[in-house]
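Q: I am new to this structure and would like to learn how to read its features one at a time. Could you take me through them?

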Amino acid sequence: MRYISTRGQAPALSFEEVVLTGMASDGGLYVPEAVPQLSHEDLADMAGCSYAEIAFRVMKPYVGGEIDDDTFREIVRDAYATFSHDAVVPLNQLDANHFLLELFHGPTLAFKDVALQLLGRLLDHFLQKRGERAVIMGATSGDTGSAAIEGCRHCDNLDIFILHPHQRVSEVQRRQMTTVLADNVFNVAIEGNFDDAQAMVKASFADQGFLNGTRLVAVNSINWARIMAQIVYYVASAVALGAPHRKVSFCVPSANFGNVFAGYMAYRMGLPVERFVIATNANDILHRTLADNDFSKQELVATLAPSMDIVVSSNFERLLFEAYQRDGAAVAELLERFQDEPSALAEAPLARLREMFASHSIDDATILEVIREAHHRTQEILDPHTATGYRAAERQRGDASVPMVTLATAHPAKFAEAVVKAGFPGVPLPPHMDDLLEREERYTVLPAELAEVQRFVAEQRR
Ligand SMILES: *Cc1c(COP(=O)(O)O)cnc(C)c1O
């Protein structure tokens, strides 16, 4: 399998190269050159299989023989053995035909674990094979950092440095990162805000001289392997609900569009999907684009669903590439124009998107109302991200005879602020984490100065 850039100018890469590379050299994102197909029979044969087995079968064509089957099976099995539920991603029925797909049973209680548990192991495998080591650097305001740390803590060939803004992340989120006491995990609290941390990571990728030739790897959601890992739960849940014999719809709380793009890939592989509903909070660029063809940046709004607070959805580019029928030049032109001025999609690509995608956006007051309403109707306490999905699914349901699956992207205990604001006493952490607030922490506080941070990384890496 070869991977090509959405902007059409970067060299095609193998799977191994694409896992080790972030953005393409032309500024685009990598996508598979051809979409592997799952036949009616392939899907029917998955009924009753374990999640790890379905994961192996769905992802195998993307790996394209670059890892032998036994080794890849073992990597997948290990990755999903870290989840606390035997089903890995269980379905929870809310009403006659609306289901929650619980993606929060991994080590950090949010769906990013599904991809990062696999990505850490894939990186380690390829580095081992090449006899190389690598450094991961990332900035986080919460969710991604802890999932990346959990995904890499057992990787011998990786050192991971996660920068968070000092005293500006919630205690639970900080402790999920700083209580991982592995030798290859380095938490850095930057005396500054998230943008300062992010800027230092970007500068380090742009000029990697301070690492004397060691590879710097990004684990953000533009890494193809993260999308690939997320395709699996769309297939597994649809099969559990009767695919390939009947269609399913999905509703996805969205920000950078990695999650819902993975669903679209499952559809393109042959999964019978009726529609995708994109749910957003007040940061609604995806909803504005689909509903009004208003493809423009707006000010960032801090919401009760902070992991969906974005200005631009980086992975939307991958869908645009398909909507523009893989015309990389047209995608590059649209996205370059969009950097500086409000833009709009051409008519035909927009019409193609509207065939498969609907959208809905809600503000903070509505998030609280939905948490109360969902509890009243179903006894479930939803986290604020999942709440955007619950409302969007109800509003954009379409054919009521088609099962609707709303993706539950985080455990409510992780976002207690919203739950308490909605009038509930809070949600206890699950048993394997109930001593989180007593565990030993380790982190280093550094000033927001690039040279100091880079010196720390260069000295501490093993
Ligand atoms: C990251 C995240 C999202 C958004 O996912 P995208 O793939 O960026 O669209 C939604 N909910 C939670 C809890 C997240 O952590």
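This is a predicted model: local features need pLDDT of at least 70, side-chain atom pairs count only at pLDDT 80 or more; totals for chains, interfaces and linings use all residues.

Q: Which residues come nearest to the ligand, and how do the residues of the shell divide into nonpolar, polar and charged?
A: There are 15 residues around the ligand, of which Lys112, Asp143, Ala255, Asn256 and Thr409 come nearest. The shell is made up of six nonpolar, seven polar and two charged residues.

Q: How should I read a sheet, and what is the strand order in the open sheet of five strands?
A: Strands of a sheet pair through backbone hydrogen bonds, either parallel or antiparallel. Here the order is β8-β5-β6-β7-β13, and the pairing is parallel. The edge strands, β8 (215-217) and β13 (444-447), each pair on one side only, and neighbouring strands of this sheet are turned by 30 degrees against each other on average, direction ignored. Strand β7 (residues 185-191) pairs with β13 over four bridges, and Val188 stands opposite Thr444 in β13.

Q: Why is one side of β3 and of β11 left without a neighbour in the sheet?
A: These strands belong to an open sheet of six strands with mixed pairing, in the order β3-β4-β12-β9-β10-β11. Because β3 (91-95) and β11 (357-361) stand at the edges and each has a single partner strand, one side of each is left without a neighbour in the sheet. Further in, β4 (residues 98-102) runs parallel to β12 (residues 404-408) and is joined to it by five bridges, with Leu407 in β12 as the bridge partner of Leu101.

Q: Is helix α12 mostly covered or mostly open, and how many of its residues are buried?
A: A residue counts as buried when its relative accessible area is under 20%. Helix α12 (residues 316-323) is mostly covered, with eight of its eight residues buried, including Phe316, Arg318 and Glu322. Just after α12, Gln325 takes a positive phi of about 50 degrees.

Terms used:
Residues are numbered from 1 along each chain as its sequence is written. Side-chain values use heavy atoms; hydrogens and water are left out. A residue is near a molecule or strand if one of its heavy atoms lies within 4 Å of it. Ala, Val, Leu, Ile, Met, Phe, Trp, Tyr, Cys and Pro count as nonpolar, Asp, Glu, Lys and Arg as charged, and the others, Gly among them, as polar. Buried means under 20% relative accessible area, exposed over 50%, partly exposed in between (1.4 Å probe, protein chains only). Helices (H or I, at least four residues) and strands (E, at least two) are DSSP runs, numbered from the N terminus. Two strands pair if DSSP finds at least two bridges between them. Axes are lines fitted to C-alpha atoms, for helices over the stretch in contact, and angles run from 0 to 180 degrees between N-to-C directions.
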